[in-house]
Amino acid sequence: MKENILRDADYVYHFDRELYFNRGARKVFSAEFIADHREDEITRSIEEPGTGNGWMFYANSPIPASIQQELESVLG
Amino acid sequence: MQERTIEDRLRQEYFELLPDIRRVESHLRALIQFQTLPILRQLGTHEQLIIKSRVKDCESAINALRRRTKEGKRREFASFDRNRPEDYSLLDLKDLAAVRVLAFPLTRLGEIDEALRPLFPDWTPDPIPDGMGGALAQKYYGFCPDLENKVQGEYQVVSMLTGLFWEVEHAAIYKPNPDLKGAERNSGLEELTQEVYRALANFDTGFARTISQRKT
């Protein structure tokens with residue numbers, strides 16, 4: 001199950017912003033991305049190496065810069 | 001001077017629209033009450049038909065707009081694009097004024113739905129899916145006939161058992177604790193909710209069957 005994959009990888013659901021995030025991995029998945037992708041694709045994205053600095057966002061459509069900045073500030 | 005946020009601008013819009021929203025709510029409710037009177041008069045002693053209406057409150061309206069697009073799709077990351085304030089208007093919401101028709105048992109739902117359709121021929125059907133390929137409730141939205149207004153209204157025809165469950169669920173999950181918004185999406189509650197729907201539908205149809213067998 002997608003939920004289990006995310007939970008096992010220490011992703012937490014952010015209720016207000018409808019996203020899954022992991023502060024250690026600095027990755028964010030939109031709920032829509034999770035809903036629209038297969039389990040193996042989600043696993044691959046989780047395992048993908050991070051950039052080292054800044055958050056990596058996974059979404060179905062491009063994220064406007066202002067939203068990305070706001071989310072980065074919300075997630076810390 | 002600090003620039004106004006999108007939320008502040010939407011709050012102003014809400015209170016400018018409020019008289020119109022109230023007008024749509026009372027107009028829609030009166031129309032539906034009148035149109036369902038013949039059914040109300042024929043109800044058996046075991047049957048119920050209740051009509052409820054509400055005006056969406058300001059913060060709920062802003063949150064709904066933050067979460068959904070004009071087309072009703074979920075907005076990714078439930079966020080406003082601060083660089084495009086002109087993209088957002090509460091007039092995009094279809095349920096600022098809404099009426100819910102609750103009936104028990106569910107055998108009356110089809111009859112109520114058919115009685116109301118001719119009143120709103122141009123309204124868009126938007127049934128609420130039950131997650132199993134069917135519909136939990138019939139829902140329609142559009143502009144009120146005979147009422148010049150820029151605010152859309154919505155009405156639903158739903159089993160009373162389901163509708164009352166929604167009231168409890170909504171009050172428990174959404175209203176008192178903002179942290180629980182969206183909780184149904186990832187904490188197993190979604191599955192439990194489906195079980196409740198199945199149980200309520202089983203009771204509804206079982207009850208209707210029993211009554212019908214007693215009559216024959």
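**Arg26(A)**

I began with Arg26(A), which sits in the loop between β2 and β3 of chain A. The model I am reading is predicted. I looked up the backbone angle: phi of Arg26(A) is positive, about 55 degrees, although the residue is not a glycine. I noted this because most residues other than glycine have a negative phi. A buried residue would need 20 or more.

**The strands around that loop**

Strand β2 of chain A covers residues 19-22, and strand β3 of chain A covers residues 27-30. How do they pair? They are antiparallel, over four bridges. I picked out one facing pair: Phe21(A) stands opposite Val28(A) in β3(A).

**Chain A as a whole**

I stepped back to the whole chain. Chain A has four helices and four strands. Along the sequence I read α-β-β-β-α-α-β-α. The C-alpha atoms fill a box of roughly 30 × 25 × 20 Å along the principal axes. I compared the radius of gyration with the rule for a compact globule: for 76 residues it would be near 11 Å, and chain A has 12 Å, which agrees. Of the 76 residues of chain A, 26% count as buried. I also looked up contacts between residues at least 6 apart in sequence: in chain A, 53% of them join residues at least 24 apart.

**Chain B, overview**

I turned to chain B. I listed six helices and six strands. From the N terminus on, they run α-α-β-α-β-α-β-β-β-β-α-α. The C-alpha box of chain B is roughly 75 × 45 × 30 Å along the principal axes. Of its 216 residues, 28% count as buried. Among contacts in chain B with a separation of 6 or more, 67% are between residues 24 or more positions apart.

**Helix α1 of chain B**

I went along helix α1 of chain B, residues 6-35. Where does it bend? I found a bend of about 50 degrees at Leu17(B), and a proline, Pro19(B), follows within four residues. Leu17(B) is also one of the buried residues of α1(B). Others on that list include Leu10(B), Ile21(B), Val24(B), Glu25(B) and Leu28(B).

**Two backbone entries in chain B**

I looked up Phe77(B) in the loop between α3 and β2 of chain B. Phi of Phe77(B) is near 70 degrees, a positive value in a residue other than glycine.

My last stop was Pro105(B), in the loop between β2 and α4 of chain B. The peptide bond from Phe104(B) to Pro105(B) is cis, with omega near -5 degrees. I noted it because most peptide bonds are trans.

How values were computed: Residues are numbered from 1 along each chain as its sequence is written. Chains are lettered from A and ligands numbered from 1 in the order in which they are written. This is a predicted model: local features need pLDDT of at least 70, side-chain atom pairs count only at pLDDT 80 or more; totals for chains, interfaces and linings use all residues. The bend at a residue is the angle between axes fitted to the seven residues ending there and the seven starting there. A residue is buried if 20 or more other C-beta atoms lie within 10 Å of its own, exposed if 12 or fewer, and partly exposed in between; C-beta atoms are placed from the backbone. Two strands pair if DSSP finds at least two bridges between them. The radius of gyration is taken over C-alpha atoms; the globule rule is 2.2 Å times the number of residues to the power 0.38. Two residues are in contact if their C-beta atoms, placed from the backbone, lie within 7 Å.
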